[in-house]
Amino acid sequence: MSRFFKKRDAVLGKRPGELVYIGKHGTNVLRADTISYTHAGLAEQEGLPADRVPRSAPDGNLWVNVEGISDVPAMEQLESLWDLDPLVAASIMHTGTRPMIMRTGDGIFFLMKMLCYDEDHGRITSEQLSMLITDSRLITFQEAAGDVFDAVRARLGDVNSRLRHSGVDYLAFSLMDSIVDNYMLIIQNIAEAVENIEEKMLERPDETVIPDIVFHKKELLYLRKTILPFRDALRQFLSDLPPLFADSERFLQDLLSNLLHIVDTIEVYREITSGLQNTYDSFMNNRLNDIMRFLTIFSVIFLPLTLITGIYGTNFDYIPELHFAYGYLFLWGTLVISTVVMIIIFKKKKWL
């Protein structure tokens with residue numbers, strides 16, 4: 001399936017808000033992990049089916065992490081359980097949806113991309129992460145198992161951590177911050193790879209660098225398409241911040257600053273890769289020009305020699321030098337002198 005555009009044939013003819021899964025992890029069975037916490041205690045449950053997921057925590061805050069959103073019947077149960085807006089539920093299951101932030105009912109809906117570097121295939125892969133936040137409940141929806149939130153879970157287990165003494169708004173920020181930190185690591189890996197290509201280009205450019213340049217240029221474009229919309233959405237969200245996130249405003253401002261830095265870095269390395277491609281093209285053109293100049297000089301040197309031998313190679317009976325005793329040596333002398341004179345002229349003009 002294309003990374004830049006996901007086919008939407010499955011939603012043709014469907015009503016708005018109807019639950020239809022669009023994505024690459026289409027065989028997952030939904031499971032949910034829950035963490036309910038206060039400053040004094042924490043309780044966890046893992047692998048819950050849809051019919052056992054709690055609506056809220058009786059006391060304190062609740063984080064429900066849902067994995068396997070391709071399970072349509074289970075998602076319909078959760079939609080009914082939490083009274084989800086139909087368009088929000090549909091956006092959760094349409095994994096090609098553009099990153100966004102929107103208000104819905106009594107909460108806030110966040111949609112962004114969680115990236116990772118696939119070392120086996122040497123490329124960036126993405127998974128859609130959706131978050132629905134209310135006063136004391138945070139629900140996250142993932143396509144499949146596996147995420148970048150282990151550090152957040154560890155901090156939740158620490159009774160002295162800020163997370164345990166804050167609301168779900170700070171937990172939502174912490175999850176987004178983990179995702180953005182992972183963006184930083186991916187950018188760092190790509191930056192190192194691009195700089196290695198640059199060094200190779202300066203040492204000995206050849207055609208082997210072109211596939212690497214094109215590949216990293218495409219990866220940077222994919223990063224830009226993935227990250228830029230969420231940066232814009234977060235900027236707009238901060239311009240009209242809801243009361244739910246009043247205590248986390250400075251943290252979100254810092255998150256926006258990191259996103260701005262990431263986008264700027266992406267643009268810089270896109271320019272570098274474009275410059276590398278232009279440098280390679282210039283190098284190849286210069287090498288071609290050198291080859292053409294050599295061949296031209298070589299041809300010009302042999303033009304008078306060809307002319308002279310052509311004249312004396314004619315089949316007329318009365319050529320003045322035909323019976324000259326030293327005619328052969330005279331011809332060779334003329335050829336050598338002509339060649340030497342041409343080379344001297346070219347060297348003085350710095351054409352050689």
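**Exercise 1: a helix and its bend**

In this predicted model, helix H6 covers residues 249-312, which is 64 residues. Compare its span with the expected one, then find where H6 bends.

*Solution.* Start with the span: from the first C-alpha to the last, H6 reaches 94 Å, close to the 94 Å expected at 1.5 Å a residue.

**Exercise 2: an aromatic pair**

The whole structure holds 8 aromatic pairs. Classify the pair formed by Trp63 and Phe149, and say where each residue sits.

*Solution.* The ring centres of Trp63 and Phe149 are 6.4 Å apart, with 70° between the planes. Angles over 60 degrees count as edge-to-face, so this pair is edge-to-face. Trp63 belongs to strand E3 (residues 61-67), while Phe149 is in the loop between strand E7 (137-142) and helix H3 (150-156). The two residues are 86 residues apart, so the pair links distant parts of the chain.

**Exercise 3: buried or exposed?**

Decide whether Trp63 and Phe149 are buried or exposed.

*Solution.* The cut-off for buried is under 20% relative accessible area. Trp63 has 1%, so Trp63 is buried. Phe149 has 0%, so Phe149 is buried too.

**Exercise 4: a charge and a ring**

Which residue lies over the face of Tyr170?

*Solution.* The residue is Arg162, at 5.2 Å from the ring centre of Tyr170.

Terms used. Residues numbered from 1 in each chain as written. Predicted model: local features only at pLDDT ≥ 70, side-chain atom pairs only at ≥ 80, totals over all residues. Heavy atoms only, no water. Helix = DSSP H or I, 4+ residues; strand = E, 2+ residues; numbered from the N terminus. Expected span 1.5 Å × (residues − 1). Bend = angle between axes of the 7 residues up to and from the residue. Phe/Tyr/Trp six-rings, centres within 6.5 Å; stacked < 30°, edge-to-face > 60°. Buried < 20%, exposed > 50% of the residue type's maximum accessible area, 1.4 Å probe, protein only. Lys NZ or Arg CZ within 6 Å of the ring centre and 35° of its normal.
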